[in-house]
Amino acid sequence: MQPLGRYFHLTHTSKQMKATNTYTLIELMEGCKAGNRQMQEMLYRQTASKMLAICMRYAKDRMEAEDVLQVGYIKVFEKVQDFKGEGSFEGWMKRIMVNTAIESYRKNLRTLNVVSIDDNYEQPSVAPDFSRLGMQELMKVIQKLADGYRMVFNMYVIEGYSHKEIAETLGISEGASKSQLSRARAILQQEILKLEGFGYATHAG
Amino acid sequence: MQHMPDRDFDNLFRDKFTDAEVEPSGHLWTNIAEKLTPVPKKRNFPIMWMAAASIAVVFSVSLLLPEADDKIYLQANPKLVNTKIAESLPVAQGATQSVTRAEAVLKSVKAGPQKPLLAHQSTKKVVAPVTEEKNIFMAMQPVTTNEHLPNKKADAKPLEVVHPQIEVLEDATVYMANHVSETTDNAYDDADANNQKKGIRNMGDLINYVVDKVDKRENKLIKFSTDDDDNSSVVGINIGFLKLNKRNK
């Protein structure tokens with residue numbers, strides 16, 4: 001009886017998996033171009049967690065991140081008609097999310113002059129140990145950054161924008177972009193070290 | 001340990017965040033789906049309605065121009081017209097344009113010394129030669145109504161259907177309709193002409209009109225007959241092998 005039971009279980013799961021994961025991203029994309037609601041939902045189910053992670057990095061909290069996610073997907077489904085197949089579809093979707101996040105930031109702009117309390121950003125003499133850190137913790141740390149620093153850090157380090165591009169997009173000077181990047185790095189390292197249990201004893205003097 | 005170089009710090013961060021996933025809350029898709037619903041549908045509808053509306057407008061406009069009536073009847077009754085003109089006072093002013101054309105027309109007109117203004121005629125496609133029968137009609141026709149027509153039609157061109165001056169043509173139709181009914185039509189003796197005498201009164205007549213223009217057979221694609229109560233009914237259908245017609249045709 002048991003082998004039979006397992007057989008049934010297997011067929012059942014494979015049926016379920018077939019429902020959502022059989023389609024490739026390209027197929028889902030074509031389905032979305034046709035306005036097929038089921039395809040739209042399947043695309044969402046397949047990609048939303050990655051997209052939300054991007055939104056979480058940029059937003060100051062989960063609520064803003066979810067707003068950005070929803071607006072982003074609506075844009076994806078509207079603009080999919082214009083996607084001509086140049087480059088990866090996932091990359092195209094990610095860019096939409098990033099742009100939506102930047103829009104959200106600019107809308108709620110607190111001046112870039114706001115600095116975090118930890119403005120004494122002397123370089124810590126101890127290097128953080130990344131091996132013990134999970135992505136979730138880093139996410140928390142990054143959200144502690146002031147908005148402007150966070151934007152610059154994300155765009156430069158993760159998305160790979162140049163300082164010139166960052167300056168144009170955010171409406172700041174290239175110099176400001178560079179200095180804010182340095183500050184962001186320093187603060188992040190401090191926060192990580194705090195997480196890892198190193199106190200202020202690491203600072204020189 | 002030393003302070004970590006920037007490049008290494010960046011790389012480590014990047015590694016952790018590449019392909020990172022955060023599970024979204026359940027209600028998010030519902031929110032998105034709500035806002036998506038109107039988008040796919042609204043696209044084509046306005047265009048279709050606009051197209052339908054413009055066709056309807058074109059149709060109505062073409063119906064309001066009864067020059068077809070003019071064409072049909074004047075082939076039968078230009079003599080009517082000609083005699084009237086012969087009888088009427090010359091209406092020369094402002095008719096220089098049409099005089100030259102009238103000259104061309106004059107050649108085919110035999111009766112009478114002076115044909116002052118054939119601008120009126122010049123709107124018609126065919127000018128039948130005037131015969132001696134004109135005398136028969138003279139007594140029947142009042143002359144007065146003729147006066148204003150030539151004036152208004154002074155700038156009409158021959159061999160072309162007059163489009164813009166709708167109010168004039170309506171007068172012509174009324175005029176023609178009144179007089180045609182008193183004569184027996186030689187040329188157009190079937191039900192179509194009879195229907196068109198009374199104008200297009202309803203959908204059946206409208207369809208007949210259109211089908212007449214297109215289908216030149218005896219038994220047309222589809223044929224309506226309109227009785228005196230303005231009700232139409234189908235009296236003939238000829239589509240492919242399906243041939244159903246009124247017998248007394």
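Reply: Let's start with a term: helices (H or I, at least four residues) and strands (E, at least two) are DSSP runs, numbered from the N terminus. The model above is a predicted one, where local features need pLDDT of at least 70 and side-chain atom pairs pLDDT 80 or more, while totals for chains, interfaces and linings use all residues, and side-chain values use heavy atoms, without hydrogens and water. Residues are numbered from 1 along each chain as its sequence is written, with chains lettered from A and ligands numbered from 1 in the order in which they are written.

Me: How many helices and strands make up the secondary structure of chain A?
Reply: Chain A has nine helices and zero strands. Followed along the sequence, its pattern is α-α-α-α-α-α-α-α-α.

Me: Which helix of chain A holds A:Tyr73 and A:Phe77?
Reply: Both belong to helix α4 (residues 62-79) of chain A, where they are four residues apart, about one turn of the helix. An α-helix has 3.6 residues a turn, so residues three or four places apart point the same way.

Me: How many aromatic pairs does a search of the whole structure find?
Reply: Rings of Phe, Tyr and Trp (its six-membered ring) pair if their centres lie within 6.5 Å; planes under 30 degrees apart are stacked, over 60 edge-to-face, and the rest tilted. Over all chains, the search finds 13 such pairs. In one of them, the ring centres of A:Tyr73 and A:Phe77 are 6.1 Å apart and the planes stand at 35 degrees, so this pair is tilted.

Me: Is A:Tyr73 buried or exposed?
Reply: Buried means under 20% relative accessible area, exposed over 50%, and partly exposed in between (1.4 Å probe, protein chains only). A:Tyr73 is buried, because its relative accessibility is 0%. A:Phe77 is buried too, with a relative accessible area of 6%. Elsewhere in helix α4 of chain A you will find A:Arg62, which is partly exposed at 31% relative accessibility. A:Lys79 also belongs to α4 of chain A, and with a relative accessible area of 40% it is partly exposed. For chain A as a whole, 47% of its 205 residues count as buried.

Me: What kind of pair do the rings of A:Phe153 and B:Phe9 form?
Reply: Their centres are 6.4 Å apart and their planes are at 65 degrees, so the pair is edge-to-face. This pair crosses between chains: A:Phe153 sits in helix α7 (residues 147-158) of chain A, and B:Phe9 in helix α1 (residues 6-17) of chain B. A:Phe153 and B:Phe9 are both buried. They also share one aromatic cluster with A:Phe130, B:Phe13 and B:Phe17.

Me: Which residue lies over the face of B:Phe17?
Reply: A charge sits over a ring if NZ of Lys or CZ of Arg is within 6 Å of the ring centre and within 35 degrees of the ring normal. Over B:Phe17 it is A:Arg57, at 5.7 Å from the ring centre. Look at B:Tyr209 as well: the charged end of B:Lys213 is over its ring, 5.1 Å from the centre.

Me: Which residues of helix α2 of chain B are buried?
Reply: In this helix (residues 27-36), they are B:Leu28, B:Trp29, B:Ile32, B:Ala33 and B:Leu36. Viewed down the axis of α2(B), they fall within an arc of 130 degrees, so they line one face of the helix; the arc is taken from the directions from the helix axis to the C-beta atoms. The face turned away from that buried side carries exposed B:Glu34 and B:Lys35.

Me: At what angle do the axes of α9(A) and α1(B) cross?
Reply: Axes are lines fitted to C-alpha atoms, for helices over the stretch in contact, and angles run from 0 to 180 degrees between N-to-C directions. Here the axes cross at roughly 65 degrees and come within 11 Å. That makes α9(A) roughly perpendicular to α1(B) (under 35 degrees is roughly parallel, over 145 roughly antiparallel, 65 to 115 roughly perpendicular, the rest oblique).

Me: Where is B:Asp19 placed?
Reply: B:Asp19 is in the loop between α1 and α2 of chain B. Although not a glycine, B:Asp19 has a positive phi of about 60 degrees. Its relative accessible area is 45%, so B:Asp19 is partly exposed.
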